[in-house]
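This briefing goes through one protein model, topic by topic. Look at the sequence and the structure first, then read the points below.

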Amino acid sequence: QVQLVESGGGLVQAGGSLRLSCAASGRTFRYNMGWFRQAPGKEREFVAHVSSSGTITRYSDSVKGRFTISKHNVQNTVYLQMNNLKPDDTAVYYCAAGAVIGSNSRDYDYWGQGTQVTVSS
């Protein structure tokens with residue numbers, strides 16, 4: 001069983017930065033980790049994922065070059081560094097863990113409760 005707790009969300013002006021953290025309980029080193037987001041009235045969408053080893057990453061086109069995902073197995077923590085934030089990045093951000101790496105939410109078995117990110121223009 002894996003439990004995930006996100007933190008680091010908040011209100012920031014456009015162009016600013018935030019770093020989201022996802023603290024995991026259990027032996028998460030074998031899991032692939034992903035970040036997803038959901039804006040009001042929209043479906044949950046893929047943001048980024050990182051392989052269990054931390055060596056393979058992938059990003060959605062909308063965040064590529066601005067966001068960086070990293071996985072620290074010793075700390076059991078996954079980070080999402082978000083730079084040059086835009087109002088369109090406003091959403092609830094969710095951390096997820098799964099045995100299968102992918103950009104589909106169905107690839108993930110465990111989810112956190114989410115953290116709100118609001119970017120003002």
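The points below cover strands, the disulfide, aromatic rings and a few single residues.

The model is predicted, so to speak of local features a pLDDT of at least 70 is needed, side-chain atom pairs count only at pLDDT 80 or more, and totals for chains, interfaces and linings use all residues. Residues are numbered from 1 along each chain as its sequence is written, and side-chain values use heavy atoms, with hydrogens and water left out.

**Strands and sheet**

- Helices (H or I, at least four residues) and strands (E, at least two) are DSSP runs, numbered from the N terminus.
- Two strands pair if DSSP finds at least two bridges between them.
- Strands of a sheet pair through backbone hydrogen bonds, either parallel or antiparallel.
- An open sheet is formed by four strands in the order 1-3-8-7, with antiparallel pairing.
- Strand 1 (3-7) and strand 7 are the edge strands of this sheet, and each pairs on one side only.
- From one strand to the next, the twist averages 15°; axes are lines fitted to C-alpha atoms, for helices over the stretch in contact, and angles run from 0 to 180 degrees between N-to-C directions.
- Strand 1 and strand 3 (residues 18-25) run antiparallel and are joined by five bridges.
- Q3 has S25 in strand 3 as its bridge partner.

**Strand 11 and its partners**

- Strand 2 (residues 10-13) runs parallel to strand 11, and four bridges join them.
- Q13 has S120 in strand 11 as its bridge partner.
- Strand 9 pairs with strand 11 in the antiparallel sense, over three bridges.
- Opposite A91 stands V117 in strand 11.
- In a regular strand the side chains alternate between the two faces of the sheet.
- Strand 11 (residues 115-120) has T115, V117 and V119 on a covered face, and Q116, T118 and S120 on an uncovered one.

**The disulfide**

- A disulfide is a covalent bond between the sulfur atoms of two cysteines; here it is assigned to a pair of cysteine sulfur atoms within 2.5 Å.
- The structure holds one disulfide.
- C22 and C95 form a disulfide, with their sulfur atoms 2.1 Å apart.
- The link of C22 and C95 is left-handed, with -80° about the S-S bond.
- Because C22 lies in strand 3 and C95 in strand 9, the pair ties together parts that are 73 residues apart in sequence.
- Buried means under 20% relative accessible area, exposed over 50%, and partly exposed in between (1.4 Å probe, protein chains only).
- C22 is buried, with a relative accessible area of 0%, and C95 counts as buried at 0% relative accessibility.

**Aromatic rings**

- Rings of Phe, Tyr and Trp (its six-membered ring) pair if their centres lie within 6.5 Å; planes under 30 degrees apart count as stacked, over 60 as edge-to-face and the rest as tilted.
- The structure holds five aromatic pairs.
- The pair of F36 and F46 is edge-to-face, because the ring centres are 5.8 Å apart and the planes are at 70°.
- This pair links distant parts of the chain: F36 is in strand 4 (residues 32-38) and F46 is in strand 5 (residues 45-50), ten residues apart.
- F36 and F46 are both buried.
- The pair of F36 and Y108 is also edge-to-face, because the ring centres are 5.3 Å apart and the planes are at 75°.
- This pair links distant parts of the chain: F36 is in strand 4, and Y108 is in the loop between strand 9 (91-98) and strand 10 (110-111), 72 residues apart.
- Y108 is buried, as is F36.
- One aromatic cluster is formed by F36, F46, Y108 and W111.

**A charge over two rings**

- A charge sits over a ring if NZ of Lys or CZ of Arg is within 6 Å of the ring centre and within 35 degrees of the ring normal.
- R44 lies over the face of Y94, at 3.9 Å from the ring centre.
- R44 also lies over the face of W111, at 4.8 Å from the ring centre.

**Two single residues**

- S60 is in the loop between strand 6 (57-59) and strand 7 (67-72).
- S60 counts as buried, at 12% relative accessibility.
- Leaving aside residues up to four places away in sequence, S60 touches F46 and V47; contact means heavy atoms within 4.5 Å.
- V2 is in the segment before strand 1, and V2 counts as buried at 6% relative accessibility.
- V2 and W111 are 109 residues apart in sequence and 8.7 Å apart in space, C-alpha to C-alpha.
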